[in-house]
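Here is a short walk through one protein model and its ligand. Keep the coordinates open as you read.

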Amino acid sequence: MTTKQIAFASGSAHKIKEMRLLLEPLGFQILSPKDLSIPFAPEETESSFVGNALIKSRELYRLTGLPAFADDSGICVDALGGRPGVFSARYGGEGLNDKDRAIRLLGELGENPDRKANYTCVIAYSSPKEEVSFDGQVFGEITKDYDSVGQYGFGYDPIFYYPPFGKRFSEVPEEEKNKVSHRAAAMKKFLSWLPSHTS
Ligand code: IMP
């Protein structure tokens, strides 16, 4: 099997490792901006996940000439009209950490009985031949309080309750979450498409 190179627009060691585990068995070598010694920090100026994912995949393709992919994700709360959405990582402004942001979201939602929320992920791919995107979602509810006990996950997981598991994502080991997550759902679509669209 010949190895095909593909660039992945992320600086997160965790995500890069996850993508390598998924793509290496299919014959792909994943190269991050760091592997390629490329400074990479495009501004995510779009108001949709797909828009921002495409900014990143397009820019990395432009810089490297390699087929490139990127992801963009966040949490969308129904009662807040889908916010924080693409602003999930920046919600509440600068100087906040993950826990501060989750607690702020609890405060904004208050006692609202509509707790429905979803995590959404979009994977975008840019190559000389085409540009395409794949999305994935996982549906749950925002809890009433912050879980300081669960030891898993990150971001909004301590306040994201997933009914099929009867647990918050912060209580679910990574292997379990990876079977149902928004990122897994988008990646599943991408992985079944990619091999027949690369030469
Ligand atoms: P990014 O796509 O890595 O930039 O992530 C955007 C933001 O969405 C993260 O910083 C988190 O706040 C939130 N987020 C995305 N996916 C998850 C998840 O699986 N768990 C918790 N928070 C997440």
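Predicted model: local features only at pLDDT ≥ 70, side-chain atom pairs only at ≥ 80, totals over all residues.

Which residues of α1 are buried? Within this helix, which spans residues 13–23, they are Ile-16, Glu-18, Met-19 and Leu-23. They cover an arc of only 160 degrees around the axis, so they sit on the same side of α1. The general rule is simple: an α-helix has 3.6 residues a turn, so residues three or four places apart point the same way. Now turn to the face of α1 directed away from its buried side. It carries the exposed residues Ala-13, Lys-17 and Leu-21.

Next, the ligand. How many residues surround it? There are 14, and the closest are Lys-15, Ser-73, Tyr-119, Asp-157 and Lys-177. Look at the ligand's nitrogen atoms. A polar side-chain atom of Tyr-119 lies 3.3 Å from a nitrogen atom of the ligand. Tyr-156 contributes a backbone N or O atom, 3.3 Å from a ligand nitrogen. Arg-183 places a polar side-chain atom 3.4 Å from a nitrogen of the ligand. Taken alone, the ligand exposes 480 Å², and the protein buries 85% of that.

Finish at Asp-100, in helix α3 (residues 98–109).

Definitions and conventions: Residues numbered from 1 in each chain as written. Heavy atoms only, no water. Buried < 20%, exposed > 50% of the residue type's maximum accessible area, 1.4 Å probe, protein only. Helix = DSSP H or I, 4+ residues; strand = E, 2+ residues; numbered from the N terminus. Arc of directions from axis to C-beta. Near = heavy atom within 4 Å. Polar contact = N/O pair within 3.5 Å; in protein donor to acceptor, adjacent residues only side chain to side chain. Areas by Shrake-Rupley, 256 points an atom, 1.4 Å probe, with all protein chains shown as cover.
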